[in-house]
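These are my notebook entries on a model of two chains.

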Amino acid sequence: MTAFAMAHGTWEDAERLVGTVIAELSGADAVNDAMVRHQLEALEWDSPVFTDDDAARAAGYDGRIAPFSMYLTFGMPAYWKPGMPSLPPNSLAPFAFGAVPAPGSAMLATQTSVEFHDPMRPGDRLSATWRLTGVTRKRLSLGDGGFLDFEVAYRNQDGALVALERTSVFRYDPEPGA
Amino acid sequence: MSRTIEDVSVGDPVGPVSIGLSIQRLVMIAAANRDFAPTHHDAAVARATGADGAYTNMMFVMAMMERAVQAWGGSASRLRALSSVRMVAFNRAGDTVTCRGTVTAVDTETREVSLELWLETEPDRRTATAAARVTLPSAASAFRGEERTSRQDGSKPAIRRR
């Protein structure tokens, strides 16, 4: 599935989906040294547990791991792959926040909590199960809309839980002039 | 080397860990975390949404916090959770972003430390806030042995639930 397009519907449509899985997404790339290195380079992050097996073993791991905070990167589907239409300009990252049918043309992440479980090791492949856990209508200064609460479980190819994320986004129609 | 649970007291500072943001850096960050939403590298698009320049995303916030925790706790510290991560202002090109924190609780039994963490671009301008749970080794315990989640015997790793 593609996760770019924002699904439109009523708040009742959204509420009917509470408690259900709204998307299952697979990461486009296996955990790999090159992408980990790019992240360490971009943030000037010096830690041998991400690059050196011996240092990682001394720290209690089986071997080098990826930063725990990279679960979103390695759980992200491709922006394009064969068979998909060309990427529209200004596309957002291909997550599933927009997959819930609801009113509103804009979305803003308001809060995230994540528990980290098994570390990511080179070769691991992540998949993510997206569950809608709540819908709360609300008018904010940004506009009229509602909070959508998600619980997203990121697992590796063995089914082991890597990260459990709870995120709320505000879905709304921007207030003219806000 | 790693900090041990015995080394830590409530009120201890975490950080600072800093990174200077430029458009070049924002492009490196976007390429590394693969969030190509234009607000994170295109100043004109970001301004059209009400920001005063291209700005970083949630993945950057979490990575800076993990980096700061690791710099503070050492290699054998382990980040268990980031809670209530909120982006409250923009980290923009031109800003230098610093992650700081403070120890809010220490449990020597579980070797778990609670932290308050935040990013700031100036001392009085916080851009993100969160709480963290981190485990540290004990000076005395066989931490390394019991923390191994071995796959070396070919078995599937257990799903750890907390």
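Helices and strands are DSSP runs, helices of at least four residues and strands of at least two, numbered from the N terminus. I note at the outset that the model is predicted.

**Entry 1: chain B.** I counted four helices and five strands in chain B. Read from the N terminus, the order of its elements is β-α-α-α-β-β-β-β-α. I then looked up burial and found that 43% of the 162 residues of chain B count as buried. For contacts in chain B between residues at least 6 apart in sequence, I noted that 68% join residues at least 24 apart.

**Entry 2: the contact between the chains.** How many residues does each chain give to the contact? I found 43 residues from chain B and 36 residues from chain A. On the side of chain B that touches chain A, the elements giving two or more residues are α1 (23–33), α3 (58–73), β2 (78–87) and α4 (143–147). By class, I sorted that side of chain B into 22 nonpolar, 13 charged and eight polar residues.

I next looked up strand pairing across the contact. Strand β2 (residues 106–116) of chain A is joined to β2(B) by three bridges, and the two run antiparallel. In this pairing I found A:Thr112 opposite B:Val85 of β2(B).

**Entry 3: backbone details in chain B.** Most residues other than glycine have a negative phi, and most peptide bonds are trans. I therefore listed the departures from this rule.

- The peptide bond from B:Gly15 to B:Pro16 is cis, and its omega is near 5 degrees. I placed B:Pro16 in strand β1 (residues 13–20) of chain B.
- B:Arg34 is not a glycine, yet its phi is positive, near 65 degrees. I located B:Arg34 in the loop between α1 and α2 (43–48) of chain B.
- B:Arg111, also not a glycine, has a positive phi of about 60 degrees. I located B:Arg111 in the loop between β3 (96–107) and β4 (112–122) of chain B.

Is B:Arg111 buried or exposed? B:Arg111 counts as buried because it has 21 C-beta neighbours inside 10 Å, the cut-off being 20 or more. B:Arg34 has 22 such neighbours inside 10 Å and so counts as buried.

**Entry 4: a loop in chain A.** I looked up A:Gly19, which is in the loop between α1 (11–16) and β1 (21–26) of chain A. A:Gly19 counts as exposed because it has 9 C-beta neighbours inside 10 Å. I also noted that 22 Å separates the C-alpha atoms of A:Gly19 and A:Met76, which are 57 residues apart along the chain.

Technical notes:
Residues numbered from 1 in each chain as written. Chains lettered and ligands numbered in written order. Predicted model: local features only at pLDDT ≥ 70, side-chain atom pairs only at ≥ 80, totals over all residues. Contact = placed C-beta atoms within 7 Å. Nonpolar A, V, L, I, M, F, W, Y, C, P; charged D, E, K, R; others polar. Pairing = 2+ DSSP bridges. Buried ≥ 20, exposed ≤ 12 C-beta atoms within 10 Å, placed from the backbone.
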